[in-house]
Each structure stands twice: as C-alpha cells, then as structure tokens.
Amino acid sequence: MSTDEPRPWLRCYRCWSQELEVQVHYEGIHRIDPETGERAEVVDELQEAVVQCLDCMHDQPHLAFVGGRVDRIEDRWERMVAGTPWVASCTVAVDAEDVETCSGPEAGDALSYAAFGEHGTREFFTHVRFHKHEEDTIVVHLLVELYARSAEEAGEVLTEAARGALAITSLAEESRPPAAAAGGSAGH
C-alpha cells in the first residue's frame, strides 16, 4: 500500500469517519544560549496528544500520535474498530481517598476516573447513576459503554480497567451506529 492511500484502520471507531485531527499539547523547559539567544538544551519536556473525530467529536483512544504521525495502539485498536458496543451496568468499590470529588459538576468525571482510571474518562462512555459512601469506601454505580469483540472480552476489559472491586450486574451487546454498520463514513 502506498503511503498516499488512506489507511482503512485510520478512522473513528464510533462513526467510521476518516475526518480526524490531532490536538498536541506541549510543555517544555529549555536552557537558552546566552550568546545566540537560541535554545541550547532541553531540560524537561512533556507532549500529550489526543486524536479526535471532527464529525462526531469523540476522542480516539485506539490511536496515538508518535514520532510525528498517528498510529494504532496495538492492544486497543482491533477491539475498538472490529468490535461492537457493549453496555454494562456495574459497580466499582473504590477507596474514598481515590475520589477527587463526589459532588458538583466535576463529580461524574471524578467518580468515573476513580472507578476505571483513564479508561473511564477517555475510552469508555460512562454514566454515573449514583454512588454510596460505606465507611472508607465509595461504591460507584455506573452504566458503561465500551467496545469489544465478545462478551468475554468486554468483561475482561472492564475487569482490567477497574480500580477497585468490580461487580457487573448486566452486560448487553448494542448495534454499531448506522454509519459504521453501513461501512461508510459519516457525512460521506
């Protein structure tokens, strides 16, 4: 395949669009050469990048920006592109100290992050239904949508991502969004 041709896997896992962009955030500390005024040495630098679909605006956690190009993350991309959405009703019991806040507008993200880490805020579509305080533990009740190729894989992904005791009360397969099911790109 020529490098000029589109890569079939380089698409939104949610709506199948190939209209993607990468948002790169860079922070760096650089020493300056006193004679030239140019950067002399990199003391510290941090680069974070998020690939996002321009059609449906969803982040693409199966893709990464590395070395100036977008590439797939091997342990996620096939599951997210070839899989189907699964919806789980579950609880995760986490240490109360791991929850940044459980009230106000930031509570949903904070509880999702406490329950599933980065997966809960970037890869899964989470809806916190409610939470309960039980001594030093917070039990978070969630509806979680994730992509997997089977019920077993969906359960494994949830179990690996859970940051506390996980109980899955139901797990059901959903159909892909219409654009993906038809094999086309959204808006094309």
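Predicted model: local features only at pLDDT ≥ 70, side-chain atom pairs only at ≥ 80, totals over all residues.

Reader: Thanks! What share of the residues is buried?

Author: Buried means under 20% relative accessible area, exposed over 50%, and partly exposed in between (1.4 Å probe, protein chains only). Of the 188 residues in the protein, the buried share is 34%.

Reader: In what order do the elements run from the N terminus?

Author: Helices (H or I, at least four residues) and strands (E, at least two) are DSSP runs, numbered from the N terminus. There are five helices and eight strands. Their order is β-β-β-β-α-β-α-α-β-β-α-β-α.

Reader: Which elements do the buried residues of α4 pack against?

Author: Helix α4 covers residues 151-161, and its buried residues are Glu153, Ala154, Gly155, Val157, Leu158 and Ala161. A contact means heavy atoms within 4.5 Å. The packing partners of these buried residues are α1 (77-82), β5, α2, α3 (118-123), β7 (137-148) and β8 (165-173).

Reader: Is tryptophan 16 buried or exposed?

Author: Tryptophan 16 lies in the segment before β1 (20-32). Its phi is positive, about 75°, although it is not a glycine. Most residues other than glycine have a negative phi. Because its relative accessibility is 11%, tryptophan 16 counts as buried.

Reader: And where does methionine 57 sit?

Author: Methionine 57 also has a positive phi, about 65°, without being a glycine. At 47% relative accessibility, methionine 57 counts as partly exposed. Its place is the loop between β2 (39-53) and β3 (63-66).

Reader: Which loop holds glutamate 97?

Author: Glutamate 97 belongs to a negative surface patch together with Asp95, Asp98, Glu135 and Asp136. Such patches take residues with over 30% relative accessible area and no salt bridge, joining like charges within 9 Å; a salt bridge is a side-chain nitrogen of Lys or Arg within 4 Å of a carboxyl oxygen of Asp or Glu. Glutamate 97 is exposed, with a relative accessible area of 74%. Its loop is the one between β5 (84-95) and α2 (107-116).

Technical notes: Residues numbered from 1 in each chain as written. Heavy atoms only, no water. Patch = residues over 30% accessible without salt bridge, like charges linked within 9 Å, V, L, I, M, F, W, Y side chains within 5 Å. Areas by Shrake-Rupley, 256 points an atom, 1.4 Å probe, with all protein chains shown as cover. Lys, Arg positive; Asp, Glu negative; His and termini not counted. Charge placed at Lys NZ, Arg CZ, Asp CG, Glu CD.
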